[in-house]
Amino acid sequence: MISPIKNNFNSIRFGQNDDREKALPYDKDTLLKNNLSTRSRITIDKVTKAFTVYPAKGLKGSINSNFYEFLTMGTVPYLIGSATLMAVFNSANKYFAPFERAKASALGNKMALGVLFYGLFKSISKSFTNIPVRLITGVDTQLPYAKVNYQLQETPEGSDLTSIEYHKVGESVDFTRWDLLYKDPKTGKQNEVFDKIAKKNGLGENLNDSDQEVKPIYKEILVKSNLARTFSSYMWAATGVALAFQKSWENFFRVATLKFWKPKDFVHSLKVFKDSFVESAKELYNGREHSFSKIERYSGKALLGLASLITLLGIINTLHITKKPSKISAKDVMDKNKESVVN
């Protein structure tokens, strides 16, 4: 077994005091659980900082602004653009005659729902690849961790500047954070994560260097799953937009409300949303009734089938691992009964 090189920079402190240490959510780079609670907390933290902390640092020219913050702020134009796209089809409705206003509102509401479903389906559909790959191979390609950054001092009064970034262990195939996957050597289970992956992928148990056997497989799964997620998520996003344009949603738009302080109306709205979602899914799959166009009758089936097929092919390709080490040992090659000469 080859022991990992520990990153000693995590233990470096610059003028820290006890109060500041207690205030830090993490005192070093920390592996996190990949569950709904963690993902929600990370999303809220990143979106909040994208609208507040990171723009402020950039506008004042902070020397601690970095590429992570720049990428995180990409959420801002995405959300603002989505809201603008939702509003642009509804803002002028009040200037139309009653009949035209009703038709424009129906289209505008579907456009707004389409924008919402695009983002939701694109995000949720990534689990269609991640979950099967994790269950079958043991490799969690979306495993998150919190990275602690000790920043440069910007003012004479400012010291002990830190920031928390959220990354994924396999975010970079070439610079995967292997050190976070090792357990404490004192426990005697340093390679526990790699042992489980090796067992799931048929490499056997009680390997001397399971980490070295597993790392090529881990990298291959990262590359292939990234490709699978990319194609799959966009196909499901298109499916979400198509779902939003079904006629059944008009029932929901008539009673839709966000006034949660009126629980009766709000609960009724949620119930109608559920029913409309089910009916719209059926409508997308079966096509419009009394339609003479084959495109309208079969386009929904084709879109759902194509999205499912691309997802399935992506999973199959990811599970087809070519980097498994050879099971041929030296004793299978060398014949002890024959003489050999070593120069």
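Glu192 is partly exposed, with a relative accessible area of 24%; on this scale buried means under 20% relative accessible area, exposed means over 50%, and partly exposed is in between (1.4 Å probe, protein chains only). The model is predicted, so local features need pLDDT of at least 70 and side-chain atom pairs count only at pLDDT 80 or more, while totals for chains, interfaces and linings use all residues. Residues are numbered from 1 along each chain as its sequence is written, and side-chain values use heavy atoms, with hydrogens and water left out.

## Salt bridges

Glu192 forms a salt bridge with Lys196, and the closest N and O atoms are 3.7 Å apart. A salt bridge here is a side-chain nitrogen of Lys or Arg within 4 Å of a carboxyl oxygen of Asp or Glu. Because Lys196 and Glu192 are four residues apart in helix H8 (residues 192-200), about one helical turn separates them. Helices (H or I, at least four residues) and strands (E, at least two) are DSSP runs, numbered from the N terminus. Lys196 is exposed, at a relative accessible area of 52%.

The whole structure holds 11 salt bridges.

| Lys | Glu | Closest N to O distance |
|---|---|---|
| Lys110 | Glu250 | 3.4 Å |
| Lys196 | Glu192 | 3.7 Å |

Lys110 is buried, with 10% relative accessible area. Glu250 counts as partly exposed, at 21%.

Lys282 and Glu279 are both in helix H11, three residues apart, which is about one turn of the helix. Lys282 is partly exposed, with a relative accessible area of 45%, and Glu279 is partly exposed at 40% relative accessibility. Elsewhere, salt bridges that share partners join Asp29, Arg177 and Asp179 into one network.

## Helix packing

Two packed helices are described by the angle between their axes and by the distance between those axes. Axes are lines fitted to C-alpha atoms, for helices over the stretch in contact, and angles run from 0 to 180 degrees between N-to-C directions.

Helix H9 (residues 210-244) packs with helix H11 (residues 263-286) at an angle of about 105 degrees, and their axes are 9 Å apart. H9 is therefore roughly perpendicular to H11. Angles under 35 degrees count as roughly parallel, over 145 as roughly antiparallel, 65 to 115 as roughly perpendicular, and the rest as oblique. On the H9 side, Thr239, Ala242 and Leu243 meet Phe277, Ser280, Ala281 and Leu284 of H11; contact means heavy atoms within 4.5 Å. The residues of this H9 and H11 contact comprise five nonpolar, two polar and no charged. Ala, Val, Leu, Ile, Met, Phe, Trp, Tyr, Cys and Pro count as nonpolar, Asp, Glu, Lys and Arg as charged, and the others, Gly among them, as polar.

H9 also packs with helix H7 (residues 127-137): the axes come within 9 Å and cross at roughly 150 degrees. H7 is therefore roughly antiparallel to H9. From H7 the contact takes in Phe128, Thr129, Asn130, Val133 and Thr137, and from H9 Ile221, Ser225, Ala228, Arg229, Ser232 and Trp236. In the contact of H7 with H9, the residues divide into five nonpolar, five polar and one charged.

Ser248 sits in the loop between H9 and H10. Ser248 is buried, at a relative accessible area of 14%. Beyond its neighbours within four places in sequence, Ser248 is in contact with Ser276, Glu279, Ser280 and Glu283.

Lys274 lies in helix H11 and counts as exposed at 51% relative accessibility. The C-alpha atoms of Lys274 and Phe252 are separated by 9.0 Å, with the two residues 22 apart along the chain.

## The chain as a whole

The protein chain has 13 helices and three strands. Of its 343 residues, 33% are buried. Among contacts between residues at least 6 apart in sequence, 66% join residues at least 24 apart. The chain exposes about 22300 Å², of which carbon and sulfur atoms supply 62%; accessible areas come from the Shrake-Rupley method with a 1.4 Å probe, and for residues only the protein chains shown count as cover.
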